[in-house]
Amino acid sequence: MKRIGFIGLGLMGSGMTMNILKAGFPLTVWNRTPSKMEALVKAGAKAARSPREVAERSDIVIDIVTDSSDVEQVLLGPEGVVHGARPGTIVIDMSTISPIKTREMAAKLGEKGIRMLDAPVSGGDIGARNGTLSIMVGGEKDAFDEAVPVFQAMGKTITHIGGHGDGQVTKAVNQILVGMNMLAVAEALMFASKAGVDLKKVHAAVAGGAAGSWQLTNNGAKLLVGDLEPGFKVKDYVKDLRIIMETAAETKMPLLGTAVVQQMFRELDAEGLRDKGTQAVIIPVEKLANKRLLG
Ligand code: NAP
């Protein structure tokens with residue numbers, strides 16, 4: 001069985017690593033804040049002192065950290081994976097980051113014979129814990145084929161999309177859909193609220209029809225009870241919107257709807273609501289309508 005190394009034990013990484021252990025892989029972990037490694041070590045993983053040491057002890061190194069610069073730090077920084085990996089090692093970045101930066105990093109690792117896959121995920125912390133993530137993968141097919149068993153330990157829908165960065169482009173597609181859906185849910189519910197119609201009945205009537213969506217069923221239901229707690233945080237979505245817009249600029253792709261969504265989330269960011277869930281987009285909608293959704 002391949003030896004797995006894992007860097008980044010946040011909301012996502014902590015669930016994913018438990019599933020890798022359950023599947024029987026030997027596992028070495030590293031987290032910047034060392035206390036987050038304790039539960040994993042109790043469950044049977046070995047703790048490393050740096051990303052470099054993770055790579056020295058592993059055949060496949062996975063990371064899921066925050067943004068492009070964080071991935072650069074753990075892969076290419078002074079104590080990074082690149083200094084411990086051998087030619088043939090597979091490095092899998094599962095963070096949501098820039099496709100452009102991904103391609104640059106894949107080229108740098110490639111110069112040393114290290115094979116990189118970008119494999120961002122959808123499904124949230126619940127999917128990470130349950131091993132039901134959707135994983136969208138870019139990079140060489142032979143590396144993907146070798147990594148399939150470890151992907152299967154973490155996810156249910158595993159798709160090789162194409163070359164380096166194509167997994168990240170696919171994740172950006174996912175995030176365009178998520179954001180416009182969420183804004184549509186907020187705007188439509190506010191429309192009903194202004195018209196004085198029973199929101200719960202409206203929700204029940206439309207959620208199962210052609211306008212139904214994951215966002216309407218899950219985040220729409222949260223709005224009906226005034227719940228703005230995060231499944232997916234505003235601050236992470238603000239990052240994803242930046243990545244989407246940078247990528248669109250490269251290909252001269254106008255993104256009119258996403259631009260509106262981005263301005264709404266900028267308003268939330270300016271208000272200091274970065275740790276709320278993305279359904280908090282109801283707040284700028286309420287301001288425009290001059291009415292509380294539930295008021
Ligand atoms: P999180 O809970 O904030 O965890 C972030 C992890 O990255 C922590 O382990 C953190 O270490 C580490 N990290 C950040 N910057 C670092 C750096 N410069 N050097 C070393 N370690 C660093 O975030 P998360 O929710 O797990 O998300 C991780 C990634 O998955 C993000 O790209 C996010 O967009 C994506 N994602 C999240 C979700 C979701 O629903 N949460 C869903 C799909 C995709 P410390 O513990 O030391 O802070």
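Mentor: What follows goes through the ligand, the aromatic rings and a few single residues.

Trainee: Before that, what kind of model is it, and what are the ground rules?

Mentor: It is a predicted model, where local features need pLDDT of at least 70, side-chain atom pairs count only at pLDDT 80 or more, and totals for chains, interfaces and linings use all residues. Residues are numbered from 1 along each chain as its sequence is written, and side-chain values use heavy atoms, with hydrogens and water left out.

Trainee: OK, ligand. How many residues surround it, and which are the closest?

Mentor: There are 24 residues around the ligand, and the closest are Leu 11, Asn 31, Thr 33, Lys 36 and Thr 66.

Trainee: What sort of residues are they?

Mentor: The shell divides into nine nonpolar, nine polar and six charged residues. Here Ala, Val, Leu, Ile, Met, Phe, Trp, Tyr, Cys and Pro count as nonpolar, Asp, Glu, Lys and Arg as charged, and the others, Gly among them, as polar.

Trainee: Which helices supply at least two residues of that shell?

Mentor: Helix H1 (11–22), helix H4 (68–76) and helix H6 (124–130) each do. Helices (H or I, at least four residues) and strands (E, at least two) are DSSP runs, numbered from the N terminus.

Trainee: And which domains does the shell draw on?

Mentor: At least three residues of the shell come from each of domain 1 (4–163) and domain 2 (169–289). Those bounds come from an automatic or database domain assignment.

Trainee: What lies 2.8 Å from a ligand oxygen?

Mentor: A backbone N or O atom of Leu 11. The side chain of Arg 32 has an N or O atom 2.9 Å from an oxygen atom of the ligand, and a polar backbone atom of Thr 96 is 3.0 Å from a ligand oxygen.

Trainee: How much of the ligand does the protein bury?

Mentor: The protein buries 87% of the 910 Å² that the ligand exposes when taken alone. Accessible areas come from the Shrake-Rupley method with a 1.4 Å probe; for residues, only the protein chains shown count as cover.

Trainee: Changing topic. How many aromatic pairs are there in the whole structure?

Mentor: The search finds three aromatic pairs. Rings of Phe, Tyr and Trp (its six-membered ring) pair if their centres lie within 6.5 Å; planes under 30 degrees apart count as stacked, over 60 as edge-to-face and the rest as tilted. One of them joins Phe 232 and Tyr 237, edge-to-face, at 6.1 Å centre to centre with 70° between the planes.

Trainee: What else does Tyr 237 pair with?

Mentor: Tyr 237 also pairs with Phe 265, edge-to-face, at 4.9 Å centre to centre and 75° between the planes. Tyr 237 lies in helix H11 and Phe 265 in helix H12, so this pair ties together parts that are 28 residues apart in sequence. Ring pairs link Phe 232, Tyr 237 and Phe 265 into a cluster.

Trainee: Last one: where does Lys 252 sit, and what is its phi?

Mentor: Lys 252 is in the loop between helix H11 (234–250) and helix H12 (256–270). Its phi is positive, about 55°, although Lys 252 is not a glycine. Lys 252 is exposed, with a relative accessible area of 75%.

Notes: Buried < 20%, exposed > 50% of the residue type's maximum accessible area, 1.4 Å probe, protein only. Near = heavy atom within 4 Å. Polar contact = N/O pair within 3.5 Å; in protein donor to acceptor, adjacent residues only side chain to side chain.
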